[in-house]
Amino acid sequence: MQFDTSGGIFKICEWLYRLALLQIIAIIFTLAGGIIFGIFPAITAMFALNSKWLAQEDFSITKTFWEAFKQHFVKSNVVGLAVLLTGTALYIDFALLQNFSGIFYYLILSSSATVFVLSIIVLLYVFGLMITFPDSRLIDLIKRAIQISTLFPLQTVWMGLSLISFLFICWVIPGIGFLFMGSGLSCIAMYFSRFALTRIESIMIPTAHTSILKERGVIHGK
C-alpha cells in the first residue's frame, strides 16, 4: 500500500510536522543564545525556513536554521534592541499621560499611538524583508515595511487579524501554542510578506532587488 503524497491530508500533516519541529529547534537555539540574545535570531531563522518551505525548496532543517541563525544574529538583535527601546519609550509615554490635560494630552496620545502603530507594522514585515534582502540596512528594511503597508493596507489588516486569530487559538488551546505558536506566526507573516513582494515586483523595488526576489523564488517571470 502506497501513500498519496500529493493529497491534502498528507500536505497538512507534513506542514504540522515541519512547524512543530521548527518550534522545538527555535526553542533550543533561543536557550542556547541565553534567551535574550537568542530569541530574535531564532525568530529570523524561523522566517528563513518558512520562506524556503513556501517556495517549495528541499533542505536540511537543522543546518539551514543554524546558518540563518548565525547570518542574521547581529541584525536580529539590533531589531530586538529597537523593540525593547521603543516599547520602553511607549510605556513611559502612556504612563505619563495621566499627568497632562488639554492639548498636551492629545499631542502625546496621538504621537505615541502613531509610533505604536508604525512599530507593529514594521514588526509584521521586517523579518520577512530581512530574509529576502539580507544585505540591506535595517533602516532601509524599516522604510520598505512602511511602504508595503501603505501600498497594501487591506493586506496588512488581514495579516494582523490572521496573527491575532492564531494567537487566540493558541491561548484557548495551550498545546497548540506550545507546538506551533512561534513557527505558525512566522509562517503566516512570511506568507503575507511574500504575497506583497510578489505584487510589488519591480514597481517600487530596484532591479537588483527584483533579481534577488526571482533567485529566491519569491517572484517569477523574465
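Student: Why is Arg144 called buried?

Tutor: Buried means under 20% relative accessible area, with exposed over 50% and partly exposed in between, for a 1.4 Å probe and protein chains only; Arg144 has a relative accessible area of 10%, so it is called buried. This is a predicted model, in which local features need pLDDT of at least 70 and side-chain atom pairs count only at pLDDT 80 or more, while totals for chains, interfaces and linings use all residues. Residues are numbered from 1 along each chain as its sequence is written, and side-chain values use heavy atoms, with hydrogens and water left out.

Student: Where does Arg144 lie?

Tutor: Arg144 lies in helix H6, residues 138-151, where a helix is a DSSP run of H or I with at least four residues (a strand is a run of E with at least two), numbered from the N terminus. Arg144 and Leu129 are 15 residues apart in sequence, and their C-alpha atoms are 8.2 Å apart in space.

Student: What makes H2 largely enclosed by the rest of the structure?

Tutor: H2 is described in this way because 12 of its 16 residues are buried, among them Phe40, Pro41, Phe47 and Trp53.

Student: What does H2 give to the lining of the largest pocket?

Tutor: H2 gives the most, with six residues, and the lining has 24 residues, of which Ile43, Phe47, Phe127, Gly182 and Leu185 lie nearest the centre of the pocket. A pocket is an open set of points on a 1 Å grid over the protein atoms alone, where a 1.4 Å probe fits, with protein on both sides within 12 Å along at least five of seven lines, and lining residues have an atom within 4 Å of a point.

Student: How many residues of each class are in that lining?

Tutor: The lining has 19 nonpolar, five polar and no charged residues, where Asp, Glu, Lys and Arg count as charged, Ala, Val, Leu, Ile, Met, Phe, Trp, Tyr, Cys and Pro as nonpolar, and the others, Gly among them, as polar.

Student: Where is the kink in H8 centred?

Tutor: The kink, of about 65°, is centred on Phe180, the bend at a residue being the angle between axes fitted to the seven residues ending there and the seven starting there. H8 (residues 174-200) has 27 residues and reaches 37 Å from its first C-alpha to its last, close to the 39 Å expected.

Methods: Expected span 1.5 Å × (residues − 1).
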